[in-house]
Amino acid sequence: MNSCICCGDSKKTALIDDEVLCKQCNGWLVNLKTKGRKRFPTTRDRYRYIGRMLEMALRKLSMTDWRKREIDELGPNLRSVIPNSERKFRKLEARISYVTDQM
Ligand SMILES: [Zn+2]
């Protein structure tokens with residue numbers, strides 16, 4: 001069991017305070033003021049928060065999303081960049097649906 005308890009991602013995870021967390025979720029949970037972790041009354045509240053952060057990341061990514069027509073207009077060098085952002089997009093969607101399933 002090495003997937004993040006917040007989003008189900010299994011990449012870049014670490015054991016933090018007895019919980020497996022991915023780097024990104026841990027970053028979202030760290031309170032910069034107190035340098036401690038943000039506290040939530042219930043696990044559900046925490047999922048809701050992580051879900052919101054993931055949706056914001058998805059929205060940010062979709063703003064730089066390329067439409068197929070635009071991709072066709074790009075040269076081969078730029079075109080190779082696209083699948084990477086599409087993978088990121090799908091990954092975020094998978095994490096959001098994991099969070100939704102937990103609530
Ligand atoms: Zn995570």
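Biologist: Which residue in β2 is the bridge partner of Ile16?
Modeller: This is a predicted model. Strand β1 covers residues 13-16. It pairs with β2 in the antiparallel sense, over 4 bridges. In β2, the partner of Ile16 is Glu19.

Biologist: How many residues lie between β1 and β2 in the hairpin, and which of them has a positive phi?
Modeller: The two strands form a hairpin with 2 residues between them. Phi is about 50 degrees at one residue in that turn.

Biologist: Is Asp17 buried or exposed?
Modeller: Asp17 sits in the loop between β1 and β2. Asp17 has 9, so the class is exposed.

Biologist: How far apart in space are Asp17 and Arg37?
Modeller: In sequence they are 20 residues apart. Taken C-alpha to C-alpha, the distance is 9.7 Å.

Biologist: What is the phi of Lys12, and why does Lys12 count as exposed?
Modeller: Lys12 lies in the segment before β1. Its phi is positive, near 55 degrees, in a residue other than glycine. Lys12 counts as exposed because its number is 12.

Biologist: What pattern does the protein chain follow along the sequence?
Modeller: The chain has 5 helices and 2 strands. Read along the sequence, the pattern is β-β-α-α-α-α-α.

Biologist: Which element gives the most residues to the largest nonpolar core?
Modeller: That core has 14 residues. β2 (19-22), α1 (23-29), α2 (43-63) and α5 (82-102) each supply at least two. The most, 4 residues, come from α2.

Biologist: Which residues does Cys6 touch, leaving out those up to four places away in sequence?
Modeller: Cys6 is among the residues with the most contacts inside the largest nonpolar core, as are Cys25 and Ile50. In soluble globular proteins, nonpolar side chains tend to be buried together. The residues touched by Cys6 are Leu21, Cys25, Arg46 and Ile50.

Biologist: What percentage of contacts between residues at least 6 apart join residues at least 24 apart?
Modeller: The protein chain has 103 residues, and 19% of them count as buried. Among its contacts between residues at least 6 apart in sequence, the share joining residues at least 24 apart is 44%.

Definitions and conventions
Residues numbered from 1 in each chain as written. Predicted model: local features only at pLDDT ≥ 70, side-chain atom pairs only at ≥ 80, totals over all residues. Core = buried A, V, L, I, M, F, W, Y, C linked by C-beta atoms within 7 Å. Buried ≥ 20, exposed ≤ 12 C-beta atoms within 10 Å, placed from the backbone. Contact = placed C-beta atoms within 7 Å. Pairing = 2+ DSSP bridges.
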